[in-house]
Amino acid sequence: MNITYAALLEQIKAYHPGKYNATRNYTNGAVTNWSPYISRGLLSPVLVMEQLKTKHNKQEWIGFMQQMAWREYFQRVWQQKGNLILQDLKSAQAKVVLEALPIPMSEGNTGIQALDKAIHHLYAHGLMHNHVRMYISMLHSNIFKAAWLPGAKWMYANLLDHDPAANFLSWQWVAGTFSSKQYIANQENINKYTNTKQLGTFLDREYEYLQTSIFDQSDTIQSNHSGKWPDQLDQAFEIDTMAILKNIEKTNQSKIFDKKTVLPNQPFCIYNSFNLDPLWHADESMNRVLLLEPNHFEHLPVTEKVLQFIVDLAITNIPGFQIFVGNFEDLFQHIETISMSDKNITSEKSNAIIYSKEHPTTQHYQGIQEARDWLFPEVNGYYPSFFGYWKKCERYLK
Ligand SMILES: Cc1cc2nc3c(=O)[nH]c(=O)nc-3n(C[C@H](O)[C@H](O)[C@H](O)COP(=O)(O)OP(=O)(O)OC[C@H]3O[C@@H](n4cnc5c(N)ncnc54)[C@H](O)[C@@H]3O)c2cc1C
């Protein structure tokens, strides 16, 4: 999935959005796989839409725009609600029987072939189709009745496109804690959209019998279709972030921040896992630092594979950058020391110029925070539902 920015622009130029809306729910539909680049801040949603608009008419791009607006909607909710997106947002999740990730999910052994295949594909490639994400989260939260957060954290950790807003709020939407009802799909629906023909599974029921065929009246699982139904003793999903960061430092040693190579008296551009914009201050002389903060990754862990993907994208697209593994405060101290010695200052603050981009994960950075790209900069604040938000956005559609 590592790619040059130029190659990505070629993909965008060649893409035809006309079939997107009618086919996007099918696993072989006309989806783009651009979310790892959009989520990593390599590709601007504004640039994508500008490109599509120059070649195609509104009827062809509007469905695509609406999905891009879902992404932006989730970003706005995150901006307003902060870490509350990690808790039941509108109402409590109904009837939770398990507080951990069910083993059949983590092992890709649920008994539903299309979903098991998708889980193994996620482990191998860090990608998963949107509709399959919905099926897996509904199986986890609404059929296995596991609390949505451990499942959401597990999926997040393995996705190249991991984004707290899109991920946690989608999980909440499926679990009914950020929507009016839980999302349910049966085997027939899964077969239709994943091009499979599996029959006789525990999901192979009419919708009205789906719940009762799995749970009895006391909410105990009564089906024996799957060998390993969730067990109260299932372990929480855990990732050793500190060990992963150490390995990343080891693997990418030549890129690790070295005070001696800092350009004297030049500003600093701080990149992170949500900002790998190759066009950002591109023509200026800058010290470019990819900041990997242990505090952030302890809070929202990702796998080593995913972290290395971030580093590889930076290596391919951001010339002359260095990696700093540490929290912003540690980097800031280094910058202060370096720039004070450059200017021969001994007592005052150095006034080094530090640029970053505005984002919920950069609020503790010091320096100048520049705006991110928004498709609908005018539509901000909290909207309880996407459709209220979209109605407002439509006014600004050209
Ligand atoms: C349970 C669950 C978890 C999810 N977690 C994430 C996540 O961590 N990061 C993430 O970027 N998306 C997430 N999504 C949204 C969506 O699944 C992905 O954005 C999409 O699958 C990306 O594939 P694509 O680039 O081919 O999208 P396309 O269908 O080609 O769409 C183009 C772009 O529009 C945006 N987009 C499309 N659909 C959605 C959507 N439903 N919600 C938000 N944005 C959308 C994405 O930026 C995507 O790249 C999640 C959805 C669900 C149901």
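Predicted model: local features only at pLDDT ≥ 70, side-chain atom pairs only at ≥ 80, totals over all residues.
Entry 1. I then checked the strand as a whole: S3 covers residues 321-325, and five of its five residues are buried, so I noted S3 down as mostly covered.

Entry 2. Which strand pairs with S3? I found S2, and the two run in the parallel sense over five bridges. I looked up two of the partners by name. Arg 288 has Phe 321 as its bridge partner in S3, and Leu 292 has Val 325.

Entry 3. Next I turned to S2 itself, residues 287-292. Are its residues buried or exposed? Six of the six are buried, and the strand is mostly covered. Asn 287, Val 289 and Leu 291 point one way from S2. Arg 288, Leu 290 and Leu 292 point the other way. I made a note that Arg 288, a charged residue, is among the buried ones.

Entry 4. I also looked for what else pairs with S2. Strand S1, residues 268-271, pairs with S2 in the parallel sense over four bridges. Here I picked out Tyr 271, which stands opposite Leu 290 in S2.

Entry 5. On to the ligand. How many residues surround the ligand? I got 28, and the closest are Ser 35, Arg 71, Asn 130, Asn 167 and Ser 170. I sorted the shell by type and wrote down 12 nonpolar, 11 polar and five charged residues.

Entry 6. Where does the shell come from? Helices H3 (35-39), H5 (58-81), H8 (130-143) and H10 (164-175) each supply at least two of its residues. By domain, I found at least three shell residues from domain 1 (5-86 + 377-394) and at least three from domain 2 (103-214).

Entry 7. Last, I stepped back to the whole protein. I listed 17 helices and five strands. The C-alpha trace spans about 75 × 50 × 35 Å along its principal axes. A compact globule of 398 residues would have a radius of gyration near 21 Å, and the protein has 23 Å, so the two agree. Buried residues make up 37% of the 398. I also looked at contacts with a separation of 6 or more: residues 24 or more positions apart account for 70% of them.

Technical notes:
Residues numbered from 1 in each chain as written. Near = placed C-beta within 6 Å. Domains from an automatic or database assignment. Buried ≥ 20, exposed ≤ 12 C-beta atoms within 10 Å, placed from the backbone. Pairing = 2+ DSSP bridges. Rg over C-alpha atoms; globule rule 2.2 N^0.38 Å. Contact = placed C-beta atoms within 7 Å.
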